[in-house]
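Reader: I have a model open and some quick questions about how it is built. Can we go through them one at a time?

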Amino acid sequence: MKNNDTKINMVRRIKSYRIFFVLFLLVSILSYFPLDPLWAAEAKHGGILTFGSENDFRGFDPLKINALSICGAIASSTIHERLFDTDSKGNLIPVLGLSVTPSKDGKKWTIALRQGVSFHDGTPFNADAVVYNWSRLLNPENKFRGRASIAPIQLVKKIDEFTVQFDLSHIWLPFPKILTDTRALSSYMMSPKALKEDTQSRAPAGTGPFMFKEWKSGDRFVVVKNPNYWQKEKPYLDKIIFKSVPDHQTRFASLESGQIDVIFMDRGHIIKRAEGNDSLVLYQGESNGAEIALLNTTKPPLDDPRVRRAIAHAWNQEVYVNMSYKNSIPIAHHPFGNGLSCGDAGYRNHNVKKAKSLIEQYGKPVEIECIHTNTKRGREFGLMLQQFCKKIGITVKTKGLDISPIVKKVFSKNYHISSWRIPPMTDHGPYLYKYFYSKSRINASGYNNPKMDNLLLAQQMETDPEKRGKILCDIAELLNEDVPMLYRGGRRIHIIAKREIMGIPEIRNGVVDISDAWIGK
Amino acid sequence: MRDAITTTGKKLFRLFGVIIAVTAITFVLVDFLPGNIAYEIAGEEATMEDVEAVQEELGLNRPLIIRYGNWLADIAKGDLGKSFRTQEPVLEAILSRLPVTIELVVLSQLFALALAIPFGIICAYKPRTIIDNTLSSIAFAMLSIPVFVMGIILIYIFAIKLRWLPATGYVPISGGIWDNLRSFILPALCIAMVEWVPFMRVLRSDMIATLQENFILMAKSKGLPASHILFKHALRPSCLTLITILGIHIGHLIGGAVVVEIIFALPGIGRLLIGSIFSRDFAMVQGCILFITIAYVSVNFLVDHFYTILDPRILISRSV
């Protein structure tokens, strides 16, 4: 009995010690990482934020410019809003849309809209506005250049003042996510008046927290606080100035010297410098998509899969990412980023022995041309591919070109290997279909595999998210098997801000929304 | 007087010919460049039909001579067209960048002359002495530094370390004269630090020759002080080559200060032109070239007339 009591006491003592130990540990950790007073502070109103952009914007009318650059999307997000946003897990967050409900057959989606919202020019946001925005894109006469991505959408119609219905040609699981795309201008709701008067491209009007003020091309794009914004407490800033600073060294120098508050950066060595600077904060977020090289599967010798596989084994993505990006982007094995768990998707690792054996099996001398952008990074890719291929006896001639001739050569299939990219998207199904379905009009690699065609069709029709994810992974695996493209690295977006700039959220879909930022001192 | 008007008229006619020739050659050269903006506008999802539709919309599928004729006809009406890429009116884009370019060119040349004239005079007055040799060595060292390196050095010292001047951030004059000047000091200095060297060398050699002339000997024999002889008598006739080079440099900088404009993020004509060439934005390229050509020939036309003001003997010899 006494022994039992002693045991119970000991257990109690151990338990109380454990509590003390945990408390001690917590206090130690908290004292080791003192809370930055700015982090604990309440959001402050007022002030001007200057954002250093890598380039000038091209415009904001989806009929004129379909895809936005990263900085263009950041600017667009301050002026325009989408029907829905997504959280880091991909769940829908209501913005201008309140709910989205599919019909039983999955071909009709009803969206309830937010009431009491107006565009910056006073036009009310309602079902008519949504129908006008979408009908303009769907009208074939307008030749909307992103129509392949929204091909299943047949019609958008008004149900009542604040309800619209999207009619689809077939079941399309990723439909709601298409409405959340940050890089496609088609996702943003724009003032019908500005669209009708053709002023939207150079003087955009949306429902967002900031209103367009002025645009001095090549210099600055200015937005000011929207006093009638539907989220009454927001925004905190009075003004955001987007300054075009194309040289990355100068952009970083301007941040360090205080002329600019936040910058976009994609240079590894500068990102490393920012990490070591206590007055700056580095925000980074991985997104899907990838830097790739397209292989023309219709042009000899790349029409032989053994040659393509040999090149894939000769290519060393790890070395390239280290040399060219200073490891500031992840290694890519598939284009889905962290959004899907496809493992290595059968990725062909660097293996010179295997590559040589495949070339031996092919039995003929291989000579190919690699076209790449005429930039430092483009040239690095060309030279590294040349060196890796040289080791297995393949001669690669490199050719640096501007973007425009590269696009022309790729579209007309007049190339062997070309630098290319898969942009970040909310759903890559439509993109992969466009580029790798044998009968697609945009099958730039000329890839033709009936198994791939079946998978691409299946992902379109699948209604179970898990099964669809599995199909997408199978597609990635088949792409690694047949090698119509090489991976040159994944995507990670970097934003560097002064420490006193607060309220910058996590980077999602390859874009950071700085609308809620505020200045801490 | 009548002769002068005829001469000026002939010159103006020649300048008009130069403008037509330059724009025609540029039109052909740009057309020969590989690539086509229609592909960029059509986007990554475009089909060949989409690209052709864009080409038709922009008039790029018409014969070159017709396009050039149409362009000239539009120019005659004062319409430079719209940027294919951004839809911005070309004239508006050029005019918005004009003040930036003019201010950069003027300030940089003033800085360059402020360095070149005193140092050139000193070197000419004391040729082949230790002062001349030292200044010449410094000048050549400056000349060997590429503009972009000079830009980065200036930003590091004056913007990051001392925090005296901004690294970037063009401020228009409407934003305050001091702020406007502050935003131009580093870029103008960056150009001037390289450009003052040829100015100084040319002035030095011309002034050494002038100082050998009889009228200078006469001035010396009168007992006039050295500063008076140098500035009042020798400087003006020694400036002819300097003015010629200055004219060429100004013309060159109007479209050629692109490296400085990129480093310091200045929205000037050079950056607009280079960006338009890369994206094959023909309308904008043609507009910029037209403007730069007019500016170039106008500056040199003025320089030609400035000779007679500097040295009236030229006017006399012409009339003889």
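This is a predicted model: local features need pLDDT of at least 70, side-chain atom pairs count only at pLDDT 80 or more; totals for chains, interfaces and linings use all residues.

Reader: In what order do the 10 strands of the open sheet in chain A run?

Author: The pairing in this sheet is mixed. Its edge strands are β10 (210–216) and β16 (394–401) of chain A, each pairing on one side only. The twist from one strand to the next averages 25°. The order is β10-β11-β12-β1-β13-β18-β14-β17-β15-β16.

Reader: Which helix of chain A packs on that sheet?

Author: The helix touches β15 (366–373), β16, β17 (417–422) and β18 (485–498) of chain A. Its direction makes about 175° with that of β16(A). The helix spans residues 376–390 and is α12 of chain A.

Reader: Why is strand β12 of chain A largely enclosed by the rest of the structure?

Author: A residue counts as buried if 20 or more other C-beta atoms lie within 10 Å of its own. Strand β12 covers residues 239–244 of chain A. It is largely enclosed because the buried residues number 5 of the 6.

Reader: Which residue of β12(A) is the bridge partner of T50(A)?

Author: β1(A) and β12(A) pair in the parallel sense, over 6 bridges. T50(A) has its bridge partner in β12(A). That partner is I241(A).

Reader: And which residue of β12(A) is the bridge partner of V224(A)?

Author: Strand β11 (residues 220–225) of chain A is joined to β12(A) by 5 bridges. These two strands run antiparallel. The partner of V224(A) is K239(A).

Reader: Which residue of β13(A) stands opposite F51(A)?

Author: Strand β1 (residues 48–53) and strand β13 (residues 262–265) of chain A run parallel. They are joined by 2 bridges. Opposite F51(A) stands V262(A).

Reader: How many helices and strands are in chain B?

Author: The C-alpha trace of chain B spans about 85 × 60 × 35 Å along its principal axes. Of its 320 residues, 39% are buried. The count for chain B is 15 helices and 0 strands.

Reader: How many residues does each chain bring to the contact?

Author: On chain B, elements that each supply at least two residues include α5 (90–125) and α7 (147–161). The side of chain B that touches chain A divides into 23 nonpolar, 10 polar and 9 charged residues. The contact takes 42 residues from chain B and 39 residues from chain A.

How values were computed. Residues are numbered from 1 along each chain as its sequence is written. Chains are lettered from A and ligands numbered from 1 in the order in which they are written. Two residues are in contact if their C-beta atoms, placed from the backbone, lie within 7 Å. Helices (H or I, at least four residues) and strands (E, at least two) are DSSP runs, numbered from the N terminus. Ala, Val, Leu, Ile, Met, Phe, Trp, Tyr, Cys and Pro count as nonpolar, Asp, Glu, Lys and Arg as charged, and the others, Gly among them, as polar. Two strands pair if DSSP finds at least two bridges between them. Axes are lines fitted to C-alpha atoms, for helices over the stretch in contact, and angles run from 0 to 180 degrees between N-to-C directions. A residue is buried if 20 or more other C-beta atoms lie within 10 Å of its own, exposed if 12 or fewer, and partly exposed in between; C-beta atoms are placed from the backbone.
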